[in-house]
Amino acid sequence: SQIIIYNRTNYKELTQKGYRKEKRRLQIELLKLQEWVTNSGKKLAIVLEGRDAAGKGATIKRFIENLIPKTMRVVELGVPTPIQNRMWFQTYNKLLPQMGEIVFFDRSWYTRGLIQPAMGYCTEHQYRYFMNKVNNWERQHVENGLLLIKFYLSVSKENQAQRFEFRLNSPLKYWKLSANDLKAAKEWDLFTYYKKQVFAKTSTDLNPWVVINSDNKMIARLNAMRYVLMKADYTGKKVLRDKKWAKEIPEYDIEIDGVKFSNINKEQYELLYRLKGST
């Protein structure tokens, strides 16, 4: 199966105000989706993969902003314990959603196919075992009622470097940049190799990869939300017709980390808009 590229270009016309309106519109639908999952005992897993600073955590944050906490979880495994590393699929069996629950994975079982081999954190045998077994493992869960959506947020080398710089110099974001992030960035080409292997071997007809360009994080968030809503046939679903975003008058003022920038030109606004997307 081919990967799915999902980038709705008309979101490029959005201003800050337009973004907030569209986000609210999608979040109202996400609540309906959550209630449908809960009431009908569905199990929904949404995977977000991508390089460091691609916007995985920030996208999940907007997804869950207004969801009901009781029937929703975010899983970010972090550095696995030796037992978790050894029992990889069993570890994730326990983390998958229960009936009536939505689980967001900020990185997932695919760490074994992407970061771990690129950084030398798993053995060649572990990597090959994972790549040989993952499609069957996913299929079994889907046949047992799991709804699975796999997102890959794609960021360019230039934008990643810019976001690292922004994190480094931000009094509120500096902790997000680790020595490991910088090390992983140096392995850009090696990560790309493993990413291509993952796409080629694990983008199945049943569980395809959905690739979203996240160079503009705000647009990426809306695209991810919209794709999930499009895929699910939930109760009370509203058809999300396109609006004429282009008719809005751009407001060239913006606030980042409590600092307001007013009366700026379009180019300055667009640069700051991208930086704000990193927050």
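User: Why does Asn223 count as buried?

Analyst: In this predicted model, Asn223 has a relative accessibility of 1%. Buried means under 20%. Asn223 therefore counts as buried.

User: Where is Asn223 found, and what is it in contact with?

Analyst: Asn223 is found in helix α10. Leaving aside neighbours within four places in sequence, Asn223 is in contact with Tyr6, Asn7, Arg8, Tyr11 and Ile212. Contact here means heavy atoms within 4.5 Å.

User: What makes Glu49 buried?

Analyst: Its relative accessible area is 2%. The cut-off for buried is under 20%, so Glu49 is buried. The place of Glu49 is in strand β2.

User: Which residues does Glu49 touch?

Analyst: Not counting residues up to four places away in sequence, its contacts include Lys56, Arg107, Ser108, Tyr110 and Thr111. Leu114, Phe151, Tyr152, Leu153 and Trp209 are also among them. Glu49 and Arg107 are 58 residues apart along the chain, with their C-alpha atoms separated by 5.1 Å.

User: Is Ala53 buried or exposed?

Analyst: Ala53 has a relative accessible area of 5%. That falls under 20%, so Ala53 is buried.

User: Which residues of α2 are buried, and what do they pack against?

Analyst: The buried residues of α2 are Lys56, Ala58, Thr59, Ile60, Arg62 and Phe63. They pack against α1 (16-39), β2, β3, β4, β5 and α10.

User: How do you know that strand β5 is largely enclosed by the rest of the structure?

Analyst: Count its buried residues. Of the 9 residues of β5 (residues 146-154), 7 are buried, so the rest of the structure largely encloses the strand.

User: What makes β5 a paired strand, on the β2 side and on the β6 side?

Analyst: Two strands pair if there are at least two bridges between them. Strand β2 (residues 43-50) and β5 run parallel and are joined by 8 bridges. With strand β6 (residues 209-213), β5 pairs in the parallel sense over 5 bridges. Both counts meet the rule, so β5 pairs with β2 and with β6.

User: Which residues are bridge partners in these pairs?

Analyst: The partner of Ala45 in β5 is Leu148. For Gly50, the partner in β5 is Leu153. Tyr152 stands opposite Val211 in β6.

User: What is the order of the open sheet?

Analyst: The order of its 6 strands is β1-β6-β5-β2-β4-β3, with parallel pairing.

User: Why do β1 and β3 stand at the edges?

Analyst: β1 (4-5) and β3 (72-75) each have a single partner strand, so one side of each is left without a neighbour in the sheet.

User: How do you know that the span of helix α9 agrees with what it should be?

Analyst: Helix α9 (residues 188-202) has 15 residues. The expected span is 1.5 Å times one less than that number, so α9 should span 21 Å. Its end C-alpha atoms are 21 Å apart, which agrees.

User: Which residues of α9 are buried?

Analyst: The buried residues of α9 are Trp188, Phe191, Thr192, Tyr194, Lys195, Val198, Phe199 and Thr202.

User: Which residues touch the most other members of the largest nonpolar core?

Analyst: Of its 45 residues, Leu33, Ile46, Phe104, Phe151 and Ile212 touch the most other members. Helix α10 (residues 217-231) gives the largest share, 9 residues. Beyond four places in sequence, Ile46 touches Ile102, Val103, Phe104, Phe105, Ile149, Phe151 and Val228. A second, separate core has 32 residues, including Val47, Trp88, Val142 and Leu148.

Technical notes. Residues are numbered from 1 along each chain as its sequence is written. This is a predicted model: local features need pLDDT of at least 70, side-chain atom pairs count only at pLDDT 80 or more; totals for chains, interfaces and linings use all residues. Side-chain values use heavy atoms; hydrogens and water are left out. A nonpolar core is a set of buried Ala, Val, Leu, Ile, Met, Phe, Trp, Tyr and Cys residues joined through side-chain atoms within 4.5 Å. Buried means under 20% relative accessible area, exposed over 50%, partly exposed in between (1.4 Å probe, protein chains only). Helices (H or I, at least four residues) and strands (E, at least two) are DSSP runs, numbered from the N terminus.
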